[in-house]
Amino acid sequence: MKPNITILDAETFHFSDRSSWSILEPYGELTLYDRTGRDRAQIVERCREAQVVLTNKVPLDAETLRMLPELKLVSVLATGYNIIDVQAARRQGVTVCNVPSYSTTSVAQHAVALILEMCNRVGDHAVGVRAGDWARSPVFSYWLSPPRELAGMTVGLVGLGEIGRAVSERLRPFGVRLLAYSPSRRGGFDWPEFAWANSVEEVFESADLVSLHCPQTPTNGGFVNAALLGRMKPGSMLVNTARGGLINEQDLAAALREGPLAAAAVDVVGVEPMHADNPLLTLENCYITPHLAWASEESRLRLLEITRDNLQSFFSGTPQHVVNA
């Protein structure tokens, strides 16, 4: 008898039809839900008979897990797994695995796109041209603000995992100096223009542009706060393609209004979908994209392939990508 596999938020992946999920059918009877809310009763009802649950953003806390005695495997359809109480899962004998590396290329490309947008304001200028600003210009060239060259800038990276490394490699040809902070100091570069920082504070004090590439943990929520932002240089910039919860958004909004930041660009916010009263939403010097850095078609298909391999490995008795071993 095949195990029951429940997918809680399939619509997140925007596949054109459900046949894309058929890659998982050899490993169990699939039940797909387009969307599942955060209501515990609904989550438990949908997962009650499942041996395997696949979730992207639907949380499984300790109490929810306790009410799912049939559950054996949670395969997170993402790299980050902070939506799962992994310690409670381990105590209950539930394996939790994730999908590493699938979106590295896509996220790194998007991070660089956000950096270039802050420096060149391509989108803002394109909108202005369509509105007739260039046609009304008395001279052949006009700008909302002059382009900023990356060459010579110090770019600070908080986190130097696979995505942080990929961003570094893509920025190096622009002539930047790279300054990174990671507690492990693993995977640095043997480049003259690369250096390790001794602390997060050093990154924020020294960099012209800071890009976040660290996971969100129980201890670092909102660590980018007024005190840390206040250490940045006048005219500096901030990018976040990691997790929205890393930033205190009220403090970031104040730093964008009053200084020292000239601009910020974020693909993630603390509550998603974004609330209409988010303090960043009205700031013209804050560039916001709707958590799409990961979402290239190539990336989403890789995610499914790695999830298939996660299921195959688990049922063969050699689970891979386990995050609560």
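In the predicted model, the mean positions of the 29 positive and 36 negative charges of the protein chain lie 3 Å apart. The accessible surface comes to about 15800 Å². Carbon and sulfur atoms account for 51% of that surface.

The overall dimensions were examined next. The C-alpha atoms of the protein chain fill a box of roughly 75 × 45 × 35 Å along the principal axes. The radius of gyration is 22 Å. A compact globule of 325 residues would have a value near 20 Å, so the two agree. Buried residues make up 47% of the 325 residues. Contacts between residues at least 6 apart in sequence were also sorted by separation, and 60% of them join residues at least 24 apart. The secondary structure consists of 10 helices and 12 strands.

The record lists residues 21-324 as "D-isomer specific 2-hydroxyacid dehydrogenase catalytic". Over this range the chain is 31% helix and 15% strand. The end C-alpha atoms of residues 21-324 are 26 Å apart. Residues 112-293 are listed in UniProt as "D-isomer specific 2-hydroxyacid dehydrogenase NAD-binding". Here the chain is 27% helix and 17% strand. The end C-alpha atoms of residues 112-293 are separated by 10 Å.

Cis peptide bonds were then located. One runs from G259 to P260, with omega near 10°. P260 sits in the loop between helix 9 (249-258) and strand 11 (261-266). G259 belongs to the loop between helix 9 and strand 11. G259 and L116 are 143 residues apart along the chain, and their C-alpha atoms are separated by 21 Å. Another cis peptide bond joins E272 and P273, with omega about -5°. P273 lies in the loop between strand 11 and strand 12 (286-288).

Positive phi values occur at two residues that are not glycine, R185 and H321. For R185, phi is about 55°. R185 lies in the loop between strand 7 (177-181) and strand 8 (194-196). The relative accessible area of R185 is 39%, and the residue is therefore partly exposed. For H321, phi is near 55°. H321 is placed in the segment after helix 10 (297-315). H321 is also partly exposed, at 31% relative accessibility.

Loop positions with exposed prolines were considered as well. P147 lies in the loop between helix 5 (122-130) and strand 6 (154-158). At 54% relative accessibility, P147 counts as exposed. Beyond residues up to four places away in sequence, P147 touches C119 and N120. P147 and N120 are 27 residues apart along the chain, yet their C-alpha atoms are separated by 4.7 Å. P173 is placed in the loop between helix 6 (162-171) and strand 7. Its relative accessible area is 68%, and P173 is therefore exposed. P173 and Q216 are 43 residues apart in sequence, with a C-alpha to C-alpha distance of 29 Å.

T241 provides a buried loop position. The residue lies in the loop between strand 10 (236-240) and helix 9. A relative accessible area of 10% makes T241 buried, because the class requires a value under 20%. Neighbours within four places in sequence were set aside for the contacts of T241. The remaining partners are V107, H110, A111, L114, L212, H213, D267 and V268.

Technical notes:
Residues numbered from 1 in each chain as written. Predicted model: local features only at pLDDT ≥ 70, side-chain atom pairs only at ≥ 80, totals over all residues. Heavy atoms only, no water. Helix = DSSP H or I, 4+ residues; strand = E, 2+ residues; numbered from the N terminus. Rg over C-alpha atoms; globule rule 2.2 N^0.38 Å. Buried < 20%, exposed > 50% of the residue type's maximum accessible area, 1.4 Å probe, protein only. Contact = heavy atoms within 4.5 Å. Areas by Shrake-Rupley, 256 points an atom, 1.4 Å probe, with all protein chains shown as cover. Lys, Arg positive; Asp, Glu negative; His and termini not counted. Charge placed at Lys NZ, Arg CZ, Asp CG, Glu CD. UniProt positions renumbered as here; feature names shortened; annotations may be inferred.
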